[in-house]
Amino acid sequence: MNARESARRTLAPTHGTPGLESRVVGDIASALTGILADMFALYIKTKNFHWHVSGPHFRDYHLLLDEQSEQIFAATDAIAERVRKIGGTTLHSIGHIARLQRVADNDEGYVAPEDMLTELLEDNRQLAISLRGVHALCDEGGDIAGASLIEIWTDEAERRAWFLLETIR
């Protein structure tokens with residue numbers, strides 16, 4: 001097969017994970033893609049606050065937010081790969097993220113450090129709630145591997161929220 005024939009050839013759709021019905025795959029893939037959009041939005045917001053935090057606790061907050069943003073970003077590839085493993089498709093662009101994200105952007109020129117942490121606390125709590133919903137969907141559909149991964153991401157979101165809460169108390 002030459003390069004031209006190869007370029008014209010289309011890939012057959014993936015058949016996904018054995019034992020998962022196509023309806024279930026679509027529902028789980030869609031839900032995880034929404035989570036992925038939220039993770040990217042939360043990553044950017046956390047990095048934004050990391051870059052712009054100031055004040056007497058600068059070093060502590062700066063390092064905390066850097067650590068949290070790295071953890072959030074690390075989860076994005078695993079989420080997208082789970083969607084692909086089960087036979088779904090996921091995000092294609094920044095615009096796609098913007099259409100799906102539920103985490104609100106913060107474009108303010110200045111945000112007080114405590115307000116930054118409070119906003120991220122609420123975002124991480126909401127993310128954990130959303131993850132629980134997708135976990136239930138995975139349980140119902142028999143996606144035990146997806147449910148297992150979601151348990152990890154939920155625990156990470158809850159831990160980030162806990163750290164933020166304890167920092168602003």
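Predicted model: local features only at pLDDT ≥ 70, side-chain atom pairs only at ≥ 80, totals over all residues.
Residues are numbered from 1 along each chain as its sequence is written, and side-chain values use heavy atoms, with hydrogens and water left out.

The secondary structure of the protein chain amounts to 6 helices and 0 strands; helices (H or I, at least four residues) and strands (E, at least two) are DSSP runs, numbered from the N terminus. Along the sequence the pattern is α-α-α-α-α-α. Taken along the principal axes, the C-alpha atoms of the protein chain fill a box of roughly 65 × 40 × 25 Å. Of the 169 residues in the chain, 44% are buried, where buried means under 20% relative accessible area, exposed over 50%, and partly exposed in between (1.4 Å probe, protein chains only).

Just after α5, G142 takes a positive phi of about 80°.

One partner of α5 (residues 113-141) is helix α2 (residues 22-52): their axes come within 10 Å and cross at roughly 165°. Axes here are lines fitted to C-alpha atoms, for helices over the stretch in contact, and angles run from 0 to 180 degrees between N-to-C directions. The two helices α2 and α5 are therefore roughly antiparallel, given that angles under 35 degrees count as roughly parallel, over 145 as roughly antiparallel, 65 to 115 as roughly perpendicular and the rest as oblique. The crossing of α2 and α5 is left-handed, a term for a near helix turned anticlockwise from the far one by less than a right angle, with clockwise giving right-handed. The residues of this contact between α2 and α5 comprise 15 nonpolar, 5 polar and 5 charged; Ala, Val, Leu, Ile, Met, Phe, Trp, Tyr, Cys and Pro count as nonpolar, Asp, Glu, Lys and Arg as charged, and the others, Gly among them, as polar.

Within α2 lies N48, which is buried because its relative accessible area is 17%. Its side chain is joined to that of H52 by a polar contact of 2.8 Å, that is, a pair of N or O atoms within 3.5 Å of which, within protein, one must be able to donate a hydrogen and the other to accept it, residues adjacent in sequence counting only if both atoms are side-chain atoms. N48 and M116 are 68 residues apart in sequence, and their C-alpha atoms are 9.7 Å apart in space.

Helix α5 also meets helix α6 (residues 144-168), the axes coming within 8 Å and crossing at roughly 160°. That angle makes α5 roughly antiparallel to α6, and their crossing is left-handed. The residues of the contact of α5 with α6 divide into 16 nonpolar, 6 polar and 7 charged.

Two further residues extend the picture. E122, in helix α5, is partly exposed because its relative accessibility is 40%. R99 belongs to helix α4 (residues 94-100) and is exposed, at a relative accessible area of 62%.
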